[in-house]
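Thanks for coming, everyone. Let me put the structure up, and then I will walk through a few sites.

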Amino acid sequence: MLRLKAICPFSWRVFHFRPFSCEPLISQMEKCKDEEQVFDLIEKNKAVLSEEQVGCAFNTLWQFQKQKTSLLKNIECIRDHPQFLTLYNLTVNKMEFMNDDNLVNVLYITRQFAVEAHDPLVEALVTEAWRRLERFDIQVLSKFSSCLVDQHLYFSPLMGKIADIVNRNLETIQDLRSLSVLMVSISSLTSQRFQEQLVNKTERLFDTIDSSQVNIARRIVQFLRNIKYSYYPLLERCNKMFLSNMNNLDLESISKILSLYHSLQFHSFEFVLMAKKRLTEMIPLFDHPASFVKLFVALGPMAGPEEKTQLESTILLMSEELTGQQALAVMGAMEEMETRDSRLIKNYLKISVKPSEISVLVSAISMLPSPHLDEAGISRIEAVLPQCDLNDLNSFATSVLRWIQYGHVYLDNTTGKQLKLLQKLDHYGHQRLQKYNNLNLLWEELRSLKGDWFAESLLEDTIATLQCLMDQINYINVAGIASFISRSNYLNTLLLDKIASVVLQQIEKIHPFSIFSIILPFSILNYDPPQRDEFFGTCIQHLNPYLCILDPLMLVFLGFYLAIHEYFPEDLIKTIFNIKFLGRLDSQLELLCSSLSTRVQVRLMELNRAVCLECPEYQIPWFHDRFCQQHYNKDTGSLNGAQQQIYKMLAEVLGGMNCVKASVLTPYYHTIDFECILDKRKKPLPYGSHNTTLGKMPEMHWEPNTPRVGSRLPPGTERIALEFLDLRAFCKNVPHLKGKSAMKKRHLEILGYRVIQIPHFEWNSMVLSTKGARLDYLRECIFGDGKS
């Protein structure tokens with residue numbers, strides 16, 4: 001008893017010395033007056049902070065930022081605070097214990113504090129959220145989708161999964177706020193049917209929201225813009241909500257709504273009138289470039305003469321403070337205002353030192369109806385060329401080529417200066433390539449390069465540089481390098497052999513989902529590495545355990561490109577041509593845009609055809625007749641010049657137009673340029689009155705499931721397919737037949753054709769420069785030893 005009496009006073013003394021600590025930590029955070037007080041609490045309690053308290057700390061810090069104007073926000077300062085790092089580390093350790101709402105909220109706030117999308121914490125939070133995705137409620141799911149949009153993951157498999165969840169649960173969703181966020185997020189992945197369901201659902205829920213919730217209405221309009229659907233009943237209801245809240249709309253909201261209306265070609269005179277009045281009142285309120293540019297772009301196109309003068313004079317004073325993107329936005333607005341004074345841009349060109357910004361401005365000028373860049377502007381471009389990376393050089397070259405191509409010049413000597421500028425661009429491009437001794441740095445610049453200038457001027461040197469650096473190819477960059485070679489259409493056997501060697505040596509370190517990119521150049525360019533069977537066998541074996549979780553679209557493309565190279569892994573083929581898989585694929589196709597959906601369906605058809613023709617032992621049925629009839633039920637267009645020449649000469653060689661068919665459709669729906677039939681004495685057989693009209697698809701003269709076109713011909717006769725092969729059929733640098741053309745030749749031969757391929761470089765050669773030489777060439781191909 002005495003001991004207890006002795007202990008109790010001490011305990012109470014301790015309690016009275018620390019009264020603040022007895023208050024729950026979350027309550028203490030909520031009472032903080034600024035960020036420093038929050039950070040002080042974090043520092044004192046970091047050893048005992050729970051996952052709930054970590055989430056509360058993030059939320060409190062973000063609430064302080066939301067209360068500040070854009071000019072007073074100090075996001076970078078907060079993010080770089082030592083105790084923010086403490087929060088960062090605590091989140092890494094506690095995220096798996098966070099509830100769903102807390103987890104996604106922390107992800108959202110970390111992105112608001114400008115933590116990069118590739119930061120390990122952000123990646124870990126996204127991965128953990130993906131793991132829980134199916135159990136998220138609609139509010140959490142919508143916030144998570146907005147986080148993915150913030151990371152530009154519009155077409156990611158994860159966003160596709162979210163779209164699938166929304167599609168499955170659409171009937172039960174009653175929260176239009178959350179649904180509107182999701183609609184904007186998944187809009188790029190919705191089919192027309194799904195879009196209509198979302199619009200109908202939105203209409204049914206519209207009356208459930210308060211008339212002041214303009215953000216919901218704005219997101220609905222944004223969704224309609226994204227899917228390019230001017231659905232006037234819904235637009236009118238949203239417009240009424242905007243009008244009733246006009247006095248509460250800020251510059252950001254009005255600017256966004258006007259932009260959306262413009263894209264949808266939705267015209268509301270009342271809204272424009274009220275917006276113009278409200279924006280005009282704002283002119284004196286903004287003196288910061290970012291805000292004033294937004295005002296200029298929104299008000300300029302509808303401003304009267306007095307307002308235009310006021311806007312232009314103010315923006316001219318700010319011109320030296322504008323970024324490249326802001327200057328580009330101003331130029332676009334000036335074009336709508338029919339103001340042809342480009343002084344604002346050329347002022348900015350003279351003072352800008354960033355190549356990327358200058359390239360944006362030059363691109364903007366080149367797209368104006370009457371672009372003109374004076375000597376000072378050209379000199380400014382030339383001055384920054386030594387600083388430019390390959391992307392900047394490519395952008396400049398594209399702009400200059402656009403000027404020359406469309407004749408947007410004033411004087412001949414300007415054209416001459418532009419041609420000289422092109423030569424300098426070539427020079428600096430070659431020079432930059434020669435400086436590279438690090439493959440990964442080079443790859444960073446190559447990954448997004450495209451366009452005529454790069455393909456014509458730098459591709460050969462780029463491949464040579466890659467070859468010099470090919471010892472640096474490893475399991476990390478091998479898929480990227482292979483993907484670049486696929487896009488280039490350039491056959492370099494040393495590089496491809498190196499890729500195959502790295503894959504065989506480091507296959508265990510390569511992610512299975514990279515296999516598709518790795519095999520692509522071998523299939524497209526029709527090239528076998530020295531260890532062909534080992535290489536393809538290793539790739540397929542590495543991928544096999546993951547077939548059930550691969551994205552259905554990726555699986556179809558993988559099967560098709562393996563088929564091009566005469567590989568038909570039984571596990572892969574049986575996985576694809578399975579009722580359950582095809583059902584999954586159909587569900588996914590409904591969420592895709594029509595162009596991508598059609599592309600996938602065509603690839604599936606081509607794979608189905610290849611399996612039926614080359615692997616009949618798999619007993620996969622041909623089920624694409626209806627699709628092909630719909631796909632090919634249209635004019636094929638006119639034959640090109642070379643094909644017309646060949647058509648007329650074939651008629652002369654074979655004895656008349658009735659002995660040759662043009663634009664022929666074969667069993668399994670291959671199209672061939674020309675067809676003729678020879679009897680056993682090599683005499684041409686006439687087709688009769690049903691011959692094809694030039695440039696039109698012929699009537700089908702065979703049964704769809706006929707295995708061989710020659711099965712109904714008299715004994716000893718042969719059916720010949722003649723194909724004119726243009727540039728696209730060959731590798732860019734050598735006359736080597738690409739994979740798809742080689743596969744077509746195999747298929748036609750299986751169908752019973754003797755295939756004659758006429759390469760463009762032979763037909764257009766000096767040897768065949770006369771009509772007589774070409775006629776002899778065709779006779780030799782058809783009646784000679786049969787070699788094509």
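Start with Arg111. Is Arg111 buried or exposed? Arg111 is buried, because its relative accessibility is 16%, and buried means under 20% relative accessible area, exposed over 50%, partly exposed in between, with a 1.4 Å probe and protein chains only. Keep in mind that this is a predicted model: local features need pLDDT of at least 70, side-chain atom pairs count only at pLDDT 80 or more, and totals for chains, interfaces and linings use all residues. Residues are numbered from 1 along each chain as its sequence is written, and side-chain values use heavy atoms, with hydrogens and water left out.

Arg111 belongs to helix H7, residues 100-112. Helices (H or I, at least four residues) and strands (E, at least two) are DSSP runs, numbered from the N terminus. What does the side chain of Arg111 meet in a polar contact? The side chain of Asp150, at 2.8 Å. A polar contact is a pair of N or O atoms within 3.5 Å; within protein, one must be able to donate a hydrogen and the other to accept it, and residues adjacent in sequence count only if both atoms are side-chain atoms. Leaving aside residues up to four places away in sequence, Arg111 touches Glu116, Ala117, Val122, Asp150 and Gln151. Contact means heavy atoms within 4.5 Å.

Zoom out for a moment. The chain has 39 helices and four strands. Of its 788 residues, 50% count as buried. Take the contacts with a separation of 6 or more: residues 24 or more positions apart account for 74% of them.

Next, a buried leucine. Leu295 is in helix H17, residues 289-299. Its relative accessible area is 0%, so Leu295 counts as buried. Which residues does Leu295 touch, not counting those up to four places away in sequence? Leu251, Leu279, Met282, Ile283, Phe286 and Gly300. Met282 is 13 residues from Leu295 along the chain, and their C-alpha atoms are separated by 8.0 Å.

Now the rings. How many aromatic pairs are there? The count is 23. The rule: rings of Phe, Tyr and Trp (its six-membered ring) pair if their centres lie within 6.5 Å; planes under 30 degrees apart count as stacked, over 60 as edge-to-face and the rest as tilted. One of the pairs is Phe454 with Phe484, edge-to-face, 6.3 Å centre to centre with 70° between the planes. This pair links distant parts of the chain, 30 residues apart: Phe454 lies in helix H26 (residues 452-468) and Phe484 in helix H27 (residues 478-488). Phe454 is buried, at 5% relative accessibility. Phe484 is buried too, at 2%. Elsewhere, ring pairs join Tyr232, Phe242, Tyr261, Phe266 and Phe271 into a cluster.

The charged end of Lys143 lies over the ring of Tyr108, 5.0 Å from its centre. For Lys574 over Tyr618, the distance is 5.7 Å. The criterion is NZ of Lys or CZ of Arg within 6 Å of the ring centre and within 35 degrees of the ring normal.

Last, the sheet. Four strands make an open, mixed sheet in the order S1-S2-S3-S4. Two strands pair if DSSP finds at least two bridges between them. Strands S1 (661-665) and S4 (753-759) are at the edges, each with a single partner strand, so one side of each has no neighbour in the sheet. The twist averages 40° from one strand to the next.

S1 and S2 are antiparallel, over four bridges. Ala662 stands opposite Phe674 in S2. The two strands form a hairpin with five residues between them, and Tyr668 in the turn has a positive phi of about 65°. At the other end, S3 (residues 718-725) and S4 run parallel, joined by seven bridges. There, Arg719 has Tyr753 in S4 as its bridge partner.

What packs on the sheet? Helix H36 (residues 641-654) does, touching S1, S2 (671-678), S3 and S4, with its direction at about 5° to that of S2. Helix H37 (residues 739-750) lies across S2, S3 and S4, at about 155° to S4. Axes are lines fitted to C-alpha atoms, for helices over the stretch in contact, and angles run from 0 to 180 degrees between N-to-C directions.

Finish on S4. Seven of its seven residues are buried, so S4 is largely enclosed by the rest of the structure. In a regular strand, side chains alternate between the two faces of the sheet. Tyr753, Val755, Gln757 and Pro759 are buried on one side of S4, and Arg754, Ile756 and Ile758 on the other.
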